[in-house]
Each structure stands twice: as structure tokens, then as C-alpha cells.
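Biologist: I've just opened this one and I'd like to learn how to read it. Can we go through it together?

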Amino acid sequence: KSDYDKALDYYFQALNLSKNLNNKSFIAGHYNSIGLAYTYKGETKSGLNYLLKSLEISKEIKDEKSSAVTMDFIGYTYYLMGKYPEALSYLTKSLEINRKLGDKIRIIDNLRNIGEVKTKTNNFKDAENCFNEALKTSEELGHLHGIETNHEALSKLYEKSGQSNLALVHYKKYIATRDSFNTIENEKKQLATEMNYEFDKK
């Protein structure tokens, strides 16, 4: 069994428990996780089906934050399916809600995903604007993952649009940020291991 299959087994068990408790917020969350697992597994049609179920419940219980998260995932799933107008529709709605809520990390994700769709459909200027706004917000927050992924996205965009000098500039920044991000993550893991070792000795 793949990791996704194992995750799906767990999510379906959790879903049944939440249904027995009639906890709609949890049910929506589990549908979301199931949908994403199917999408990542490559079964986008099943993924979309569960994500739409999740969105329906989130809207019913007026949970704007969860609705925005699920809309972003639906948009991403449509993007993988090559259905770009549908992808943009959901991603744009998600962005509108996240701007209203002031959720900057989610705004970064929305902008990057919209930029990916715009790149795919050769709307290079729109894509560039999305990636640059996401990059600027990431830098303001010190959000290394956002800085990394948006430099990578800009590098691919400039390569596709024939601006090789700019592509190289952003590629180098992407690599530098990725290495920095990996170093910090490795240091965190090392520290956690050392702390556990000290704890175990006691």
C-alpha cells in the first residue's frame, strides 16, 4: 500500500467517527483531506468530488476560512486536470476571501497558484505580477518557503517567455533560498534529536 492509501484508510475512519458525532466542521475537514490525498495520488476526478463535498459543508456552516482553503485546493485540482478557466475561478474566489480575512500565508499560496495557471496559459505579465506580489509578501514575513517557491516560479516564467537573464537571476536566488531553508530545517531536526537524547538520558 502507498502512503496515500494508508492516509486514505485513516481519513475514512476519521470521517465515519465524525459522521457518527454529526460534527460538520470535522466532516468538511476529512472530505478535504480525502480529496487532497486522491488528487496527489493522481486520481483527480475522485479528489475533486470530495473537495466539492467539503466546500458545500463549509459554506453551509459559514466557515469562510475553510471554504477559502478548499477553494484553493479545488483550483489546484482543476489546474492539474488542464481545466484552466475553472482553476482560475476557484483560485480567485479563494484569494478574495483570504484578502478579506488578512491571511497572508494563504494569500501567498493563492497568488503562486494563480501565477502558475497564468504561466501555463501564456499570460506572462499577469503571472509575473502574481509571483512578485507573493514574493514581496513572503520577504516581508520572512517566509522562506514562499521566497523559495516564488523565485523558482519566476525563473520558470522568464525561461518560458524567453528572458533567460532574468530566469538565471531568479534561479540562483531560488537555489540559495532552498539551501538556506534546508539548512534551517536540518538544524531544527538536529536540535530535536539532541533534546530527545538529553531527555532520554534523564
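Modeller: Helices (H or I, at least four residues) and strands (E, at least two) are DSSP runs, numbered from the N terminus. Here the protein has nine helices and zero strands. Residue numbers start from 1 along each chain as its sequence is written, and side-chain values use heavy atoms, with hydrogens and water left out. Keep in mind that this is a predicted model: local features need pLDDT of at least 70, side-chain atom pairs count only at pLDDT 80 or more, and totals for chains, interfaces and linings use all residues.

Biologist: What does the C-alpha trace span along its principal axes?

Modeller: About 60 × 55 × 35 Å.

Biologist: How do I read burial, and is K118 buried or exposed?

Modeller: Buried means under 20% relative accessible area, exposed over 50%, and partly exposed in between (1.4 Å probe, protein chains only). K118, in helix α6, is buried because its relative accessible area is 17%. Of the 202 residues of the protein, 40% count as buried.

Biologist: Which residues does K118 contact, leaving aside neighbours within four places in sequence?

Modeller: Contact means heavy atoms within 4.5 Å. On that basis K118 is in contact with L88, N123, F124, D126 and A127, leaving aside those neighbours within four places.

Biologist: And where is L141 found?

Modeller: L141 sits in helix α7, residues 124-141. L141 counts as partly exposed because its relative accessible area is 42%. Not counting residues up to four places away in sequence, L141 touches K104, I105 and I108.

Biologist: How does one look for pockets, and which residues line the largest pocket?

Modeller: Rolling a probe the size of a water molecule over the atoms shows where empty space is left. On a 1 Å grid over the protein atoms alone, a pocket is an open set of points where a 1.4 Å probe fits, with protein on both sides within 12 Å along at least five of seven lines; lining residues have an atom within 4 Å of a point. Here Y40, D72, F73, Y76, R106, D109, R112 and N113 line the largest pocket.

Biologist: Which helix gives the most to that lining?

Modeller: That's α6, with four residues. Both α4 (64-80) and α6 (104-120) supply at least two residues each.
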